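User: Please take me through the helix packing and the pockets of this structure, with the criteria behind each term.

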Amino acid sequence: MTISEEQASRVAIVGGTGKVAKHLITLLHARGDEVVAIFRNADRSDEIAQLGAIPVVLDIESAGVDELASTFEGCDAVVFSAGAGGGSPARTRAVDFEGAVTAIDAATRARVQRFVMVSAIGVRGPLPGEPDDSMRPYYEAKRDADLAVEGSGLEYTIVRPGGLTDDAATGLVTIGDTVERGNIARADVAAVIVAALDNPGTIGHAWEVVAGDRPIADAIIDAL
């Protein structure tokens, strides 16, 4: 199912307190969509509600499929934007991969076909860094999460951003199966996710995205 700009939709965001997710909440809420933001820290509930989302306190590390599926009921799409944010390899695996698999299974159970995975640049081919690189568990988890959604039967789009910054949105990006490494504003990543949800042609695609010189909608059309 594709999100429509003409009719309000309900979108669940796993990892709803993340910086990309907060930009995404703002964009979706501004156009009249209903957003369910799922996150583990109850202290952030008021902040997320003020952005316009329905806060749901649920820890993706410990949540069961049925529990998460109940929060997806009635949604038109799920966006997985959760991440451990560093720390131990075990927790990175638990959040970035196992949490993603839980979300994929929950979306399937809740009959929510549309799924956007926020991944990382460079995981399509040989992983960046050496096997003992501290970032290796992160790239491995993102790669395996991508493979899981690709094999899920869901109507997925995978967005693999480059280095994330807190710069203001430009609306200008480079998108492709593989692109030269670079940075991108988190606000622009959120805008790419919205554009992907709106364009049914993005279903089944996995794209890297960095700052560039093409308007987002045009860049997506170029990549199709």
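User: Which residues in α4 meet which residues in α5?

Analyst: This is a predicted model, in which local features need pLDDT of at least 70 and side-chain atom pairs count only at pLDDT 80 or more, while totals for chains, interfaces and linings use all residues. Residues are numbered from 1 along each chain as its sequence is written, and side-chain values use heavy atoms, without hydrogens and water. Pro89, Thr92, Arg93, Asp96, Phe97, Ala100, Val101 and Ile104 in α4 meet Pro137, Tyr138, Glu140, Ala141, Lys142, Asp144, Ala145, Ala148 and Val149 in α5; contact means heavy atoms within 4.5 Å.

User: Why is α4 called roughly parallel to α5?

Analyst: Helix α4 (residues 89–109) and helix α5 (residues 136–150) pack at an angle of about 10°, with axes 9 Å apart. Angles under 35 degrees count as roughly parallel, over 145 as roughly antiparallel, 65 to 115 as roughly perpendicular and the rest as oblique. α4 is therefore roughly parallel to α5.

User: What makes α1 and α6 oblique to each other?

Analyst: Helix α1 (residues 19–30) and helix α6 (residues 186–198) pack at an angle of about 55°, their axes being 8 Å apart. The pair is therefore oblique.

User: Which elements give two or more residues to the lining of the second largest pocket?

Analyst: The second largest pocket is lined by ten residues, with Leu27, Ala187, Ala191, Val194 and Ala195 nearest its centre. The elements giving two or more residues to this lining are α1 and α6, and α6 supplies the largest share, five residues.

Technical notes. Axes are lines fitted to C-alpha atoms, for helices over the stretch in contact, and angles run from 0 to 180 degrees between N-to-C directions. Helices (H or I, at least four residues) and strands (E, at least two) are DSSP runs, numbered from the N terminus. On a 1 Å grid over the protein atoms alone, a cavity is a set of points where a 1.4 Å probe fits but cannot get out, and a pocket is an open set with protein on both sides within 12 Å along at least five of seven lines; lining residues have an atom within 4 Å of a point.
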